Amino acid sequence: MPMANVRSRAFAAAILTAFPTLCAGQQTPSSANAIQPQNKRIFWIVPNHRASPTLDPYVPLTTAEKFKIARDDAFDPGTFALAALYAGGSQLSNANKSFGQGAQGYGKYLGASYADLAIGNFMTEGIYPTLFRQDPRYFARGKGSGWSRFGYACGQIFWTHTDSGGTAFNYSEILGNSTAVAISNAYYVDNRTASNAASRLGIQLGLDMAGNVLKEFWPDINHRFFSRKRNGQASKPGP
């Protein structure tokens, strides 16, 4: 799908820019870096409310806390910014001809893009985690080689933690995104075939996997490329 391809390229560009530097020769980050709190946005745009820097000690979330994570992600300014970006790319590629062009058409693309993000957040972070008693958070590994952390991040799409402290198949992710795709058929009138739905689901799971990778490595990226720069500026003597 053209709109989904815009999203794929955006996330892939971020990962391809940062990941090689992190994997090359990296084994274990400093303990201070491993336990520092996660920022609420990755690259100051991508919402990051459900990332947790550690699993130990594990404290399960209440239902209200799960829905708070979903709400924070859905109504984060970065979510609106991403929706605007996706809407522009989709309109340029004329992904849904029935939406039309011009300001009115862009408004429809924007509404659909935001609905995709918000519905997906509530399904995968609030509703299904409550039904299946699963934890919607991404618990960063924060140690080991870059490739082992990369594999761990990708695997969390299919395997997650439960409220009881164990692990289980990630029904919340798979069924949550499947439900969101099914709902999207109500407003994507040009793309209601089974193959289109399967394609949107596959791409959404891939995007969430890319998001996990960014969540895993963002503390390292922020520490290596941005914290040092800020610290260096702060340490410069005045005129």
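**Aromatic rings in the fold**

Author: Read from the N terminus, the order of elements in the protein is α-α-β-β-β-α-α-α-β-α-β-β-α-α. That makes eight helices and six strands, where helices (H or I, at least four residues) and strands (E, at least two) are DSSP runs numbered from the N terminus. The model is predicted, so local features need pLDDT of at least 70 and side-chain atom pairs count only at pLDDT 80 or more, while totals for chains, interfaces and linings use all residues. Residues are numbered from 1 along each chain as its sequence is written, and side-chain values use heavy atoms, with hydrogens and water left out.

For the aromatic part, rings of Phe, Tyr and Trp (its six-membered ring) pair if their centres lie within 6.5 Å; planes under 30 degrees apart count as stacked, over 60 as edge-to-face and the rest as tilted. This rule gives 13 aromatic pairs. In one of them, Tyr58 and Phe139, the ring centres are 5.9 Å apart and the planes meet at 65 degrees, so the pair is edge-to-face. Tyr58 sits in the loop between β3 (51-52) and α3 (63-74), and Phe139 in strand β4 (residues 138-139), so the pair links distant parts of the chain, 81 residues apart. The two partners can also be placed by accessibility (buried means under 20% relative accessible area, exposed over 50%, partly exposed in between; 1.4 Å probe, protein chains only). Phe139 is buried, at a relative accessible area of 2%, whereas Tyr58 is partly exposed at 23%. Elsewhere, one aromatic cluster is formed by Phe99, Tyr109, Tyr187 and Tyr188.

Ile127, Leu131, Phe132, Phe158, Trp159, Phe169, Tyr171 and Leu175 make a nonpolar surface patch of about 740 Å². Such patches consist of residues with over 30% relative accessible area and no salt bridge, nonpolar side chains (Val, Leu, Ile, Met, Phe, Trp, Tyr) being joined within 5 Å and like charges within 9 Å. A salt bridge here is a side-chain nitrogen of Lys or Arg within 4 Å of a carboxyl oxygen of Asp or Glu; areas are Shrake-Rupley values with a 1.4 Å probe, and for residues only the protein chains shown count as cover. Helices α5 (102-131) and α7 (171-184) each supply at least two residues of this patch. Leu131 belongs to helix α5 and counts as exposed, at 60% relative accessibility.

For the whole protein, buried residues make up 48% of the 239 residues.
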